[in-house]
Amino acid sequence: MKLTVYFDGQYWIGVIESEKERQPLIVRYLFGSEPSNQEILSFVQKDLIRLLERTLPLNRLERPIRMRKRMNAKRLRRIAEKELRSAGIGTKAQRALKEVVEQRKVAVHQQKKADKEALQERRYQLRREKSRQKHRGKA
């Protein structure tokens, strides 16, 4: 069984992948706002089993899943590492957050640049005014 929680742009969603009677079972659960670890644990302990019991397995697969009795531990570790590295369902939220951070960074950079240019212009105008004051009486 595998539970993946991701942000789809509006809501936090949990996707549960499991097997029932050797058939794959996929369930989508809507959390709404960002769930805390406590809320996820509560969901797993209380609601997950009832949700899986009500869901029917998928019957329309192109080819059957071949189950092995036992897999080498090193192979299992490699598969797990590959899944963690792959851009899976959970990275959408990370990409959205990263995009927001990048946009904020660009906006801050542009604002700083505008402020710096305004400060330089103000200093220039003050210098010009001071210079004019020095030469005011001469004509």
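Tutor: In this predicted model, a residue is called buried when its relative accessible area is under 20%; with that cut-off in hand, we can begin with the helix α1.

Student: How far apart are the end C-alpha atoms of helix α1, and what span should its residues give?

Tutor: Helix α1 covers residues 37-54, which is 18 residues, and at 1.5 Å a residue these should span 26 Å.

Student: On which residue is the kink in α1 centred?

Tutor: The axis of α1 bends by about 50°.

Student: Which element gives the largest share of the largest nonpolar core?

Tutor: The largest nonpolar core has nine residues, namely Trp12, Ile16, Leu25, Val27, Phe31, Phe43, Leu48, Leu51 and Leu52. At least two residues of this core come from each of β2, β3 and α1. The largest share, four residues, is supplied by α1.

Student: Setting aside neighbours within four places in sequence, which residues is Val27 in contact with?

Tutor: Val27 is one of the nine residues of the largest nonpolar core, and a contact here requires heavy atoms within 4.5 Å. With its neighbours within four places in sequence left aside, the residues in contact with Val27 are Gly14, Val15, Ile16, Leu51, Leu52 and Thr55.

Student: How many bridges join β1 to β2, and how many join β2 to β3?

Tutor: β1 and β2 run antiparallel, and β2 and β3 also run antiparallel. Within these pairings, Val5 has Gly14 in β2 as its bridge partner, while Trp12 has Gly32 in β3. The bridges number six between β1 and β2 and nine between β2 and β3.

Student: Which turn residue has a positive phi in each of the two hairpins?

Tutor: The hairpin of β1 and β2 has four residues between its strands, and the positive phi in its turn is about 105°. In the hairpin of β2 and β3, two residues lie between the strands and the positive phi is about 55°. The residues are Gly9 in the turn between β1 and β2 and, in the turn between β2 and β3, Glu21.

Student: What pattern does the protein chain follow along the sequence?

Tutor: The protein chain has three helices and three strands. Read along the sequence, their pattern is β-β-β-α-α-α.

Key. Residues numbered from 1 in each chain as written. Predicted model: local features only at pLDDT ≥ 70, side-chain atom pairs only at ≥ 80, totals over all residues. Heavy atoms only, no water. Expected span 1.5 Å × (residues − 1). Bend = angle between axes of the 7 residues up to and from the residue. Pairing = 2+ DSSP bridges. Core = buried A, V, L, I, M, F, W, Y, C linked by side-chain atoms within 4.5 Å. Buried < 20%, exposed > 50% of the residue type's maximum accessible area, 1.4 Å probe, protein only.
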